[in-house]
Amino acid sequence: GHSMGGLVARTYLDGNPDSRVRRVVMIGTPNQGAEKARFFEQIGLIPLVGPAAKQLIPGPEGIAAHLSPAVPIDRIEVGIIAGGGPRGRGYSMILPIDNDGVVTVASTKLPGAVDFCLVRGHHSFLPSILAVRTATLRFLRTGCFHRDGLKRPIPANAE
């Protein structure tokens with residue numbers, strides 16, 4: 001699932017155990033909320049960007065806070081692909097740390113994910129980047145994004 005699509009997948013899988021689903025890839029998903037949505041709220045732009053932006057606000061009012069805090073690692077392997085900016089600076093100057101222009105790298109992380117991959121690219125274009133497509137297919141086949149076969153898990157107790 002790309003962006004909010006990953007949150008939709010989490011919502012579905014949280015309440016509907018589905019034995020057919022063994023692996024899920026989240027691409028640029030704001031698992032901890034999107035700080036840019038908070039910025040838009042603070043300056044009064046939420047009505048212009050749409051109601052979904054309000055759901056992405058980090059903290060108790062956002063949708064991410066109402067989902068399970070970690071993935072159901074006992075039944076599903078989740079992999080996270082984050083987008084980041086050139087030289088680790090991020091695309092958006094509004095966001096204080098590396099980001100894909102919309103979501104920070106840190107916000108994509110979900111405790112219990114079995115693998116993590118950082119790709120340099122803008123949020124809107126992540127699904128069309130060859131490295132993202134290749135890593136996604138590799139993860140769905142093998143459970144690992146990386147050619148070297150080494151996973152970079154996000155610990156279940158990570159914040």
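Guide: Before we start, helices here are DSSP runs of H or I with at least four residues, and strands are runs of E with at least two. The model itself is predicted.

Visitor: Good to know. How many helices and strands are there in the chain?

Guide: The chain has six helices and three strands.

Visitor: And in what order do the elements run from the N terminus?

Guide: Starting at the N terminus, you get α-β-α-α-α-β-α-β-α.

Visitor: Switching topic: what share of the residues is buried?

Guide: Of the 159 residues in the chain, 45% are buried. As for the accessible surface, the total is about 8,400 Å², and carbon and sulfur atoms hold 60% of that.

Visitor: What about contacts between residues 24 or more positions apart?

Guide: Those make up 67% of the chain's contacts with a separation of 6 or more.

Visitor: Now some backbone geometry. What is the phi of Ser3?

Guide: Ser3 is not a glycine, yet its phi is positive, at about 55°. Ser3 sits in the segment before α1 (4-15).

Visitor: Is Ser3 buried or exposed, and why?

Guide: Ser3 is buried, because its relative accessible area is 15% and the cut-off for buried is under 20%.

Visitor: How about Arg87, what is its phi?

Guide: Arg87 also is a non-glycine with a positive phi, about 55°. Arg87 lies in the loop between β2 (77-84) and α5 (105-108).

Visitor: Buried or exposed for Arg87?

Guide: Exposed: Arg87 has 68% relative accessibility, and exposed means over 50%.

Visitor: Last one: how far apart are Arg87 and Arg120?

Guide: In sequence they are 33 residues apart, while in space the C-alpha atoms of Arg87 and Arg120 are 8.6 Å apart.

Conventions: Residues are numbered from 1 along each chain as its sequence is written. This is a predicted model: local features need pLDDT of at least 70, side-chain atom pairs count only at pLDDT 80 or more; totals for chains, interfaces and linings use all residues. Side-chain values use heavy atoms; hydrogens and water are left out. Buried means under 20% relative accessible area, exposed over 50%, partly exposed in between (1.4 Å probe, protein chains only). Contact means heavy atoms within 4.5 Å. Accessible areas come from the Shrake-Rupley method with a 1.4 Å probe; for residues, only the protein chains shown count as cover.
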